[in-house]
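Here are some notes to read alongside the structure. Please keep the view open as you go.

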Amino acid sequence: MDRWQYLIVLAACLLITAPLELFGGGVYRQPWRTVRAVLPVALVFLAWDAVAIAAGVWTYNPRYISGVTVGFGIPLEELLFFIVIPLCGLLTYNAVTAMLNRRP
Amino acid sequence: MIGYTLPAGVAVLAVVVLELAVWRTGLFRRPAYWLSMLIVIGFQIPVDGFLTKLGAPIVIYDGQQTSGIRFPLDIPVEDFLFGFALVTAVLLVWERQRARR
């Protein structure tokens, strides 16, 4: 079970933030806008990640990751991190915006 | 500190300059943005804390490349700069698309 730890954390993040989609215009309901916001930033951060891994700035405990890599030594979990965390941020911002606009 | 503290600071500076000097989406003037960032940081603590806990770390940092300050829990403070830059950059591009429409 230990090797799924990082993936489980990411899944939990998606699960906890999912209900926020119900507010306002949503994030998942604007898939193209979401892709265009998440993808370019993810690419920049993945490049940073690859350099940091290559330089040994940070490493991943093989015990807690799946072992699948996506190139440049980047674990699958890291690729997903740069999609999941931005989605959580967008969902939060979407919901907070909707709540602040809904003034009595 | 060259390997993480420096690029993390540069990343924050880059998104701030991008907004204030180039894109000017008005994101930093929106209370919803600052409230969202507070919530995001609030959730970053348990999630990042779990990833970086020194007892059984998922992510391991080279102590030479960080400031060495780990707070709260065992989170390297640089992670908060990293997270701020990541989420802010995505929100900026998100807002930019609304401004364009």
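1. A word on the ground rules. This is a predicted model, in which local features need pLDDT of at least 70 and side-chain atom pairs count only at pLDDT 80 or more, while totals for chains, interfaces and linings use all residues. Residues are numbered from 1 along each chain as its sequence is written, and chains are lettered from A and ligands numbered from 1 in the order in which they are written.

2. On confidence, the predictor gives the complex an ipTM of 0.96 and a pTM of 0.96. Chain B averages a pLDDT of 96, with 97% of its residues scoring at least 70; pLDDT is the predictor's confidence in each residue, from 0 to 100.

3. Chain B is a friendly place to start. Its elements run α-α-β-α from the N terminus, giving three helices and one strand. Helices (H or I, at least four residues) and strands (E, at least two) are DSSP runs, numbered from the N terminus. The C-alpha atoms of chain B fill a box of roughly 50 × 25 × 15 Å along the principal axes.

4. Now look at where the chains meet. Chain A contributes 30 residues to the contact and chain B 28 residues; two residues are in contact if their C-beta atoms, placed from the backbone, lie within 7 Å. On chain A, the elements giving two or more residues to this side are α1 (5–17), α2 (31–54), β1 (58–60) and α3 (76–101).

5. A strand pairing also links the chains. β1(A) and β1 of chain B (residues 59–61) pair in the antiparallel sense over three bridges, where pairing requires that DSSP finds at least two bridges between two strands. A:Thr59 has B:Ile60 as its bridge partner.

6. Which residues have the most contacts inside the largest nonpolar core? They are A:Val41, A:Leu90, B:Leu86, B:Ala89, B:Val90 and B:Leu91, in a core of 47 residues. Such a core is a set of buried Ala, Val, Leu, Ile, Met, Phe, Trp, Tyr and Cys residues joined through C-beta atoms within 7 Å. The largest share of this core, eleven residues, comes from α3(A).

7. B:Met37 counts as buried because it has 20 C-beta neighbours inside 10 Å; the cut-offs are 20 or more for buried, 12 or fewer for exposed, and partly exposed in between. Beyond its neighbours within four places in sequence, B:Met37 is in contact with B:Phe84 and B:Val87.
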